Amino acid sequence: MNEEKKRLVPKPSNLDLPERFIFKVRRDAPFFKNRSWKFYDVNGDLTGTAKVPDNQIICDDCNLLMISAIIDLIIYMDLEGKAYIEKADCKECIEKYYSSLPVINRIKCRTCSNKIEKFKNKISEKEFLISSMCQDCQDYVFEKGKKEEFEDNFSQHDADRREMDEKFTHLDGD
Ligand SMILES: [Zn+2]
Ligand SMILES: [Zn+2]
């Protein structure tokens, strides 16, 4: 049971991409949509397919369900210069196995155009998927008091992480 892997990375406009690299993408990127599992019998013949829910992004090394707004993909370039997705990995596995690979991050804040690296909590990640704003811009835009209240509520819910994760992974609302 292997998820279909070889999906092209959209327009690698960089001319000298490394042979293999980490590419940061939003979890709502088009290539996470309409994926399918393929089932094979013992002879290797295709016996069926099933749709993978768009929000179900699993670490290809440890099988963790990844819920972060930004996902790390390992990309490799073939001899003709075509880019392929080798796998999607969680932060821990990236650190464990791929920390030596170059990182390409083209995710930019819609408001200030700065490169987006990380968020301070899941609420901010969720907000980013809606507004495409970096942490600084989010902090600036939302009234401070309001935001703190929001975070207090969040830490209450954090006690039941599973519940929060569920809300987060169902963000696409499909
Ligand atoms: Zn992992
Ligand atoms: Zn910004």
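## Close-up views of a predicted protein model

**View 1. The whole chain, from start to end.** Residues are numbered from 1 along each chain as its sequence is written, and chains are lettered from A and ligands numbered from 1 in the order in which they are written. Of the 174 residues in the protein, 14% are buried (20 or more other C-beta atoms within 10 Å of the residue's own; 12 or fewer is exposed, in between is partly exposed, with C-beta atoms placed from the backbone).

**View 2. An open sheet of four strands.** The strands line up in the order β6-β5-β2-β7, with mixed pairing; two strands pair if DSSP finds at least two bridges between them. At the edges sit β6 (83-89) and β7, each pairing on one side only.

**View 3. Where β5 meets β6.** Strand β5 (residues 70-77) runs antiparallel to β6, and six bridges join them. Look for I75, whose bridge partner in β6 is I85.

**View 4. R106 in its loop.** You will find R106 in the loop between β7 (103-105) and α2 (122-131). R106 counts as exposed because it has 12 C-beta neighbours inside 10 Å. From R106 to I116 is 10 residues in sequence and 8.2 Å in space, C-alpha to C-alpha.

Terms used: Predicted model: local features only at pLDDT ≥ 70, side-chain atom pairs only at ≥ 80, totals over all residues. Helix = DSSP H or I, 4+ residues; strand = E, 2+ residues; numbered from the N terminus.
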